Amino acid sequence: MTAALIIAELKLDFYGVHVLRGVDFTVPAGSFTGLIGPNGAGKSTLFNAVSGLYRPKGGSVRLGAVETTGLPPEKLVAAGLVRSFQLARGFPKLSVFQHLMLYGASQPGESLLPALWRSHTARRREAELAERAHGIARRLRLDHVLDNPVTALSGGQKKLVEIGRALMADPKILLLDEPMAGVNPTLADEIAGHLTALNRDGLTICLIEHDMALIKRLCAPVIVMAEGKVLTQGSFDEVAADARVQEAYLGRRH
Ligand SMILES: Nc1ncnc2c1ncn2[C@@H]1O[C@H](COP(=O)(O)OP(=O)(O)O)[C@@H](O)[C@H]1O
Ligand SMILES: [Mg+2]
């Protein structure tokens, strides 16, 4: 197995509270890995630490053979690791196309271009980005709404724009934190279909999702976190049958 992402002994505190207490797991290259666990287990915090938003207190993150612990998000994006974010509320009038271009244009490297080369290079880069945006929109079946303001989209389409925006960075590995949350079952299915197709085409995906039916259908392996650590991992059926996993979920309800 080739590893796309290796997380080892990753630790992070918030104001003295140990939120990540030594997280260890590997995302196999080409896999559609699921990350589950009760609320407050530290899943989102882990994504934030891995994607450079939070600086871990200890441990390491490696992207393939490259040590990336503590690198800022833009360096990680350049290295091929991208996490999706909810659409910013700040730009209500922007069209889907502009949203995709906005994200693409803020990619690393742009500001380093020498001023003299900039106009020519920037124009060529913009043309490339536009082509990329059109390709991604076609792929996610957003091409018919490309010129619509994002505010006019359905909830499910907005989620697809979020995924499309992440794809603009041409990731090798994509971290998705509950991309189907709040979306009706039909659209959740459609999003799942897109993610499966992207994964089949070689994109490594690590998905946090609370809907167990989706995790069961989409993900292998499945990593279970509880209280800032990995509790267990394996196929969905293996982890679902594990008494400690059932206990971790039940424990939180009382
Ligand atoms: N920015 C933050 N500041 C302080 N505590 C936080 C912050 N983000 C998350 N936490 C705490 O860390 C724990 C893990 O949260 P989180 O990673 O969001 O869990 P999950 O995504 O698994 O539900 C929770 O107890 C939460 O309250
Ligand atoms: Mg979360």
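Strands here are DSSP runs of E at least two residues long, numbered from the N terminus, and two of them count as paired if DSSP finds at least two bridges between them. With that in hand, let's walk through this predicted model, beginning with a hairpin and then moving to the ligand.

The hairpin is built from β9 and β10, with two residues between them. Strand β9 covers residues 222-226 and strand β10 covers residues 229-234. They run antiparallel to each other, and their pairing extends over five bridges. If you want a place to look across the pair, find isoleucine 223, which stands opposite glutamine 233 in β10. Then follow the chain into the turn, where glutamate 227 has a positive phi of about 50°.

Now turn to ligand 1. Its surroundings include a run of neighbours from Pro38 through Asn39, Gly40, Ala41, Gly42, Lys43 and Ser44 to Thr45, and Phe14, Val19 and Tyr54 complete the shell. Sorted by class, that shell has five nonpolar, five polar and one charged residues. Helix α1 (residues 43-50) supplies the largest share of the shell, with three residues.

Which polar atoms of the protein meet the ligand's oxygen atoms? Threonine 45 brings a polar side-chain atom to 2.5 Å from an oxygen of ligand 1. The backbone takes part too: a polar backbone atom of glycine 40 is 2.8 Å from a ligand oxygen, and for glycine 42 the corresponding distance is 3.0 Å. As for cover, ligand 1 taken alone exposes 560 Å², and the protein buries 59% of that.

Conventions. Residues numbered from 1 in each chain as written. Chains lettered and ligands numbered in written order. Predicted model: local features only at pLDDT ≥ 70, side-chain atom pairs only at ≥ 80, totals over all residues. Heavy atoms only, no water. Helix = DSSP H or I, 4+ residues; strand = E, 2+ residues; numbered from the N terminus. Near = heavy atom within 4 Å. Polar contact = N/O pair within 3.5 Å; in protein donor to acceptor, adjacent residues only side chain to side chain. Areas by Shrake-Rupley, 256 points an atom, 1.4 Å probe, with all protein chains shown as cover. Nonpolar A, V, L, I, M, F, W, Y, C, P; charged D, E, K, R; others polar.
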